[in-house]
Amino acid sequence: MARNREGLVLVLDVGPAMHSVLPDVEKACSMLLQKKLIYNKYDEVGIVVFGTEETGNELAREIGGYENVTVLRNIRVVDEVVAEHVKQLPRGTVAGDFLDALIVGMDMLIKMYGNAQKGKKRLCLITNAACPTKDPFEGTKDDQVSTIAMKMAAEGIKMESIVMRSNLNGDAHERVIEENDHLLNLFSSNAIAKTVNVESPLSLLGSLKTRRVAPVTLFRGDLEINPTMKIKVWVYKKVAEERLPTLKMYSDKAPPTDKFAKHEVKIDYDYKVTAESTEVIAPEERIKGFRYGRQVIPISPDQIETLKFKTDKGMKLLGFTEASNILRHYYMKDVNIVVPDPSKEKSVLAVSAIAREMKQTNMVAIVRCVWRNGQGNAVVGVLTPNVSERDDTPDSFYFNVLPFAEDVREFPFPSFNKLPSSWKPDEQQQAVADNLVKMLDLAPSAKEEVLKPDLTPNPVLQRFYEYLELKSKSTDAALPPMDETFKRLIEQDPELISNNKSIMDSFRGSFEVKENPKLKKASKRLLRDKPSGSDDEDNRMITYEPNENKIDMVGDANPIQDFEAMISRRDKTDWTEKAITQMKNLIVKLVENCTDDDEGDKALECVLALRKGCVLEQEPKQFNEFLNHLFELCQERKLSHLLKHFTSKKITLIPKSEAADSDVVDENAGDFTVKQEPMLES
């Protein structure tokens with residue numbers, strides 16, 4: 001077997017107790033083989049099933065025994081045939097012995113590869129482990145499992161066991177299940193093996209690792225504590241986004257008879273001064289330019305090289321801080337894991353001592369990292385302790401990149417604590433919301449956690465692989481409907497919703513949903529019929545349209561829409577201040593030029609919009625000071641049709657109940673004679 005190839009034997013339980021989940025097993029195995037055809041097309045795969053009435057394996061023919069175990073496919077290079085074959089697994093009629101099946105699979109790997117390529121040979125067992133195993137001729141079952149596991153370890157064979165426990169019937173004996181679980185756990189103690197328990201088809205798809213990614217170090221070097229103390233460490237990627245496979249451009253211009261045609265597409269670019277010019281500019285005549293205002297500043301490759309940040313490879317400790325100081329949203333990129341150099345015993349001890357002390361004191365480390373020489377930039381990150389629970393696994397750190405000041409996005413939003421009480425849920429609303437959250441808990445007690453990241457496959461990738469397989473058979477294949485299993489990833493569980501309909505109805509009934517007015521055309525009736533402090537729907541919240549957020553001035557034509565659009569902008573911090581100032585100036589202008597009721601009504605509509613905006617943005621002082629000034633202005637000009645709205649308290653100051661920063665109590669919200677005393681500077 002070549003160095004980068006894997007030899008895999010699928011050991012599948014097809015007994016009667018597995019019949020209900022075999023379609024899911026077929027789907028999972030098919031996806032595994034589809035990915036191998038894409039990423040590891042030279043890998044070799046064999047298939048063993050147990051629980052069949054007939055017996056068909058080499059060990060049974062040579063020495064006898066190993067009944068009800070059938071080899072469906074000997075180990076061969078993966079191809080489209082095996083991907084189809086695994087979709088039609090036989091349905092067995094007897095309870096199989098998974099230990100016999102494992103021995104048959106191990107024997108196939110040993111005979112095929114011998115002692116070569118340790119770590120590239122793998123057994124994958126899928127069963128519910130609910131059927132009893134036979135007693136060995138000598139010793140106990142524990143002894144038998146230990147012998148098998150030690151042989152696997154000696155031959156460099158890895159093993160993973162996926163135990164399906166979703167549809168066990170009442171006949172499954174608890175003692176048998178406990179015994180089988182114990183036997184499977186013994187493999188982990190004596191061989192490179194792990195056991196995963198799953199309860200749903202989705203978890204089964206995620207538990208079967210369909211792509212083999214070789215661990216490659218990002219960094220091997222020193223973690224410098226100080227100039228005289230350095231620890232040898234290795235850094236690996238712990239989590240990285242899996243992307244769609246690279247799609248290459250294909251050319252069909254080669255003659256069909258040319259067996260050696262590569263069908264490659266090459267792209268060349270020609271640079272010209274103008275599109276009409278026939279003269280091509282040579283590479284040495286071109287230079288990069290960077291915009292600076294209206295200019296384009298040319299910078300040569302030598303200058304760009306000189307500007308690069310020169311760094312030396314290494315990790316340097318900058319200090320420690322409390323874990324609470326590093327917020328979760330600071331993490332910027334993929335997670336890496338920092339492990340001590342396994343060949344250096346002192347490094348293992350040093351990392352363990354530091355990690356355990358950090359864990360005990362709830363501290364994290366801030367480090368500067370340069371993964372390779374000439375990297376051109378340095379990153380600052382945080383090391384979080386990862387204390388191992390296993391004796392054979394050393395302690396380590398998780399590494400996350402932290403942002404610099406230029407990377408942080410500051411978006412000013414008003415605090416919920418400053419909102420008026422009428423905008424907050426009451427006890428009954430909070431209770432029904434609590435019930436809704438509990439109902440949709442993805443990790444209920446006594447059940448498997450739903451959508452665990454390490455057991456949840458990416459539906460986009462899986463759908464692509466499924467369609468790619470169809471296209472390989474027919475170029476005209478239509479896109480199939482979404483698989484029901486993957487719908488659980490993008491939709492709520494319909495059974496869960498139907499079983500808790502009362503909770504959903506209670507939540508819906510507690511929060512009356514009404515259409516929010518756009519406020520594009522303010523209604524005069526709003527001013528005449530509703531006081532500004534009322535809790536009616538029109539006074540609750542201003543709704544902003546995202547596509548209107550590019551307004552940068554409150555105009556005369558549509559001042560209310562312009563004002564709302566400006567204060568909803570978050571690309572700069574001063575838009576709210578500008579919007580309020582411009583709206584106040586416009587209102588004063590309208591009042592000073594007021595000659596009829598229509599202009600007065602427009603001014604009052606703008607005042608109402610300004611009040612709502614100041615409540616939303618928690619700027620009560622600006623509005624209250626302006627409203628007092630406006631009241632005095634109306635008195636001076638004797639604008640009776642405007643003053644009546646003040647005296648009838650249709651428009652009021654913003655009290656503390658609506659904005660915590662207000663100096664006006666509720667009783668005085670309509671009293672414009674109350675003057676705020678200026679605060680004395682100390």
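User: Where does Leu451 lie?

Analyst: Leu451 lies in the loop between α10 and α11 (459-473). Helices (H or I, at least four residues) and strands (E, at least two) are DSSP runs, numbered from the N terminus. This is a predicted model, in which local features need pLDDT of at least 70 and side-chain atom pairs count only at pLDDT 80 or more, while totals for chains, interfaces and linings use all residues. Residues are numbered from 1 along each chain as its sequence is written, and side-chain values use heavy atoms, with hydrogens and water left out.

User: What is the phi of Leu451?

Analyst: The phi of Leu451 is near 60°, a positive value in a residue other than glycine. Most residues other than glycine have a negative phi. Leu451 has a relative accessible area of 31%, so it counts as partly exposed. Buried means under 20% relative accessible area, exposed over 50%, and partly exposed in between (1.4 Å probe, protein chains only).

User: And which loop holds Asn362?

Analyst: Asn362 lies in the loop between α9 (345-361) and β13. Asn362 is not a glycine, yet its phi is positive, at about 55°. It is partly exposed because its relative accessibility is 49%.

User: Is Cys369 buried or exposed?

Analyst: Cys369 is buried, because its relative accessibility is 0%. This residue lies in strand β13 (residues 363-370).

User: What is Cys369 in contact with?

Analyst: Leaving aside neighbours within four places in sequence, Cys369 is in contact with Gly314, Met315, Gln375, Ala378, Val379 and Phe399. Contact means heavy atoms within 4.5 Å. The C-alpha atoms of Cys369 and Thr311 are separated by 9.6 Å, and these residues are 58 residues apart along the chain.

User: Changing topic, which residues touch the most other members of the largest nonpolar core?

Analyst: They are Phe563, Met583, Ile587, Val591, Leu610 and Leu630, in a core of 37 residues. The elements that give two or more residues to this core are α16 (559-567), α17 (575-592), α18 (597-616), α19 (620-637) and α20 (640-647). The largest share, nine residues, comes from α17. A nonpolar core is a set of buried Ala, Val, Leu, Ile, Met, Phe, Trp, Tyr and Cys residues joined through side-chain atoms within 4.5 Å.

User: What does Ile587 touch?

Analyst: Not counting residues up to four places away in sequence, Ile587 touches Ala603, Cys606, Val607, Leu610, Phe626 and Leu630. A second, separate core has 35 residues, including Val71, Leu125, Val145 and Ile157.

User: Now the second largest pocket. Which residues lie nearest its centre?

Analyst: Of its 30 lining residues, Glu448, Val450, Arg488, Asp493 and Leu496 lie nearest the centre. On a 1 Å grid over the protein atoms alone, a pocket is an open set of points where a 1.4 Å probe fits, with protein on both sides within 12 Å along at least five of seven lines; lining residues have an atom within 4 Å of a point.

User: Which element gives the most to the lining of the second largest pocket?

Analyst: That is α12, with five residues. Helices α7 (201-207), α10 (427-439), α12 (484-490) and α13 (494-499) each supply at least two residues of this lining.

User: Finally, how many helices and strands does the chain have?

Analyst: The chain has 20 helices and 15 strands. Buried residues make up 40% of its 682 residues.
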